[in-house]
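Here's a quick briefing to read with the model open beside you. Take a look at the picture, then work through the points below.

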Amino acid sequence: MARSSGPTVVQVEGVSKRFVIRKEKSLKERVVNFGRSQRHKEDFWALRDVDLSIESGTTVGLIGPNGSGKSTLLKTIGGILQPTSGTVRTRGRMAALLELGAGFHPDLTGRENVYLNASILGLSTKQTDRYFDAIVDFSGIEQFIDTQVKFYSSGMYVRLAFAVAVHVDPDVLLVDEVLAVGDEPFQRKCMDRIRSFQHEGRTIVLVTHGLDQVADVCDRAVVLEHGRLVADGTPAEALRVLRSEFDQMRAEDIERDQERRARQEAEAAAGGAVATPAPAEERPKATISAVEVLDGGSPVGVVAPGRPLAVRVTVDATEPLTGDWILGFGFESGSGQGIYGTNSRLLGVPLPTVVGRAAFDFTIPALHLGEGSYTVHGAIAGPTGAEVHRLRDGAQLTVQADSREVGFVRLDVGLVPATA
Ligand SMILES: Nc1ncnc2c1ncn2[C@@H]1O[C@H](COP(=O)(O)OP(=O)(O)OP(=O)(O)O)[C@@H](O)[C@H]1O
């Protein structure tokens, strides 16, 4: 969704942000340091050497795992936080919807906060008078406008804060994840407003965990990991980087879980006295080593719709895979949205015992995917359905058609006059 972009409105250069975190000392440390402070300080770098320049008229998504520094970067752009080193330069009026609580005074009413907030954003009382009804109308909380905001629910709070932010005629709108606390109709309303902002050529920086939203709304996405900017490109490119980071986190989680279970089993075997939790699910030790799309037995990357295909998933079992294990595959769109998936259990096909390497073919009599590029994943799960390993982006598949249809499915639609 390329929109025309103009001059740079946000320039972040070499920005790092350090927080000093205070930690409670352990009991042992307290005894050793008897009489002295119960806390010690530690430096924490929430942002490290971030460079980012945003052109006017673009919509940029900031994405990344929890704690990666997205909100800190947004607050630094919004001038709410000062960088420890580096510089942030911005042009134009900036309105921000940051964390809950920012910008509103709890003891003031909604009405008073609208005026306070608007004045912080540079509007005179007269200008705010002009926007006031539209703000309250958009927020949908007129009934509570003269109540102190400390009595607001989080959703009511966000409604009013977003309403103010979009009515002060900002050139740059910064939106943090807080929108997610609004109910669905309000979120929809916000997204409509964000889209109309885009059409008006305003600049938007959006922190979100809604990855489909990034692909849908943003022109560009930036991935943060441990405070560093690790990817900056089209939403599809950035999402690929983030998803592979999530895969790695997931694999580490599974490994930690397996180690913990092995430790518990060893302790139980050694002493018998250690209380072990009920035996967790038997998770097979296996990985998906390859996913291929085959046409007539040969690997293909580009196909025409309607072709008979097979998706070959290869499994490597370091321990025998026995019993009710599950093998699956699926297609994702270029932005990572799941399009289709199935597995041996859903298909009602029992799998044999596997030791070492084995390959299985999911046969597709005719491919009904629409024109576009897809990725294919393979996955393996234990008897309870808990996933053991997933090979994301195992294969790429491009469906080339005659451009008669758009979307993920191929329906081969015709058109005839209706008979009365
Ligand atoms: N005022 C603060 N004092 C100390 N540490 C902070 C402060 N603000 C943020 N942090 C820390 O900085 C790191 C980055 O926080 P930030 O809120 O920017 O992450 P995020 O990517 O927005 O996370 P999430 O997806 O969970 O919202 C976190 O480890 C957080 O604990």
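To talk about how helices pack, we use axes, which are lines fitted to C-alpha atoms (for helices, over the stretch in contact), with angles running from 0 to 180 degrees between N-to-C directions. Helices (H or I, at least four residues) and strands (E, at least two) are DSSP runs, numbered from the N terminus. What you're looking at is a predicted model, where local features need pLDDT of at least 70, side-chain atom pairs count only at pLDDT 80 or more, and totals for chains, interfaces and linings use all residues. Residues are numbered from 1 along each chain as its sequence is written.

**Helices H4 and H5**
- H4 and helix H5 (residues 154-167) pack at an angle of about 140°, and their axes are 8 Å apart.
- That angle makes H4 oblique to H5; angles under 35 degrees count as roughly parallel, over 145 as roughly antiparallel, 65 to 115 as roughly perpendicular and the rest as oblique.
- H4 brings Tyr131, Ala134, Ile135, Phe138 and Ser139 to the contact, while H5 brings Arg159, Leu160, Ala163, Val164 and His167; being in contact means that the C-beta atoms of two residues, placed from the backbone, lie within 7 Å.
- Sorted by class, the contact of H4 with H5 has seven nonpolar, two polar and one charged residues. Here Ala, Val, Leu, Ile, Met, Phe, Trp, Tyr, Cys and Pro count as nonpolar, Asp, Glu, Lys and Arg as charged, and the others, Gly among them, as polar.

**Helices H3 and H4**
- Helix H3 (residues 110-120) meets helix H4 (residues 125-139) at an angle of about 125°, with axes 10 Å apart.
- H3 is therefore oblique to H4.
- On the H3 side you'll find Val114, Tyr115 and Ala118, and on the H4 side Thr125, Thr128, Phe132 and Ile135.

**Around the ligand**
- The ligand has 13 residues around it, the closest being Phe19, Ala46, Asn66, Ser71 and Thr72; a residue counts as near if its C-beta atom, placed from the backbone, lies within 6 Å.
- Strand S1 (8-24), strand S2 (39-55) and helix H2 (70-77) each supply at least two residues of this shell.
- H2 gives the most, with three residues.
- The shell is made up of four nonpolar, seven polar and two charged residues.
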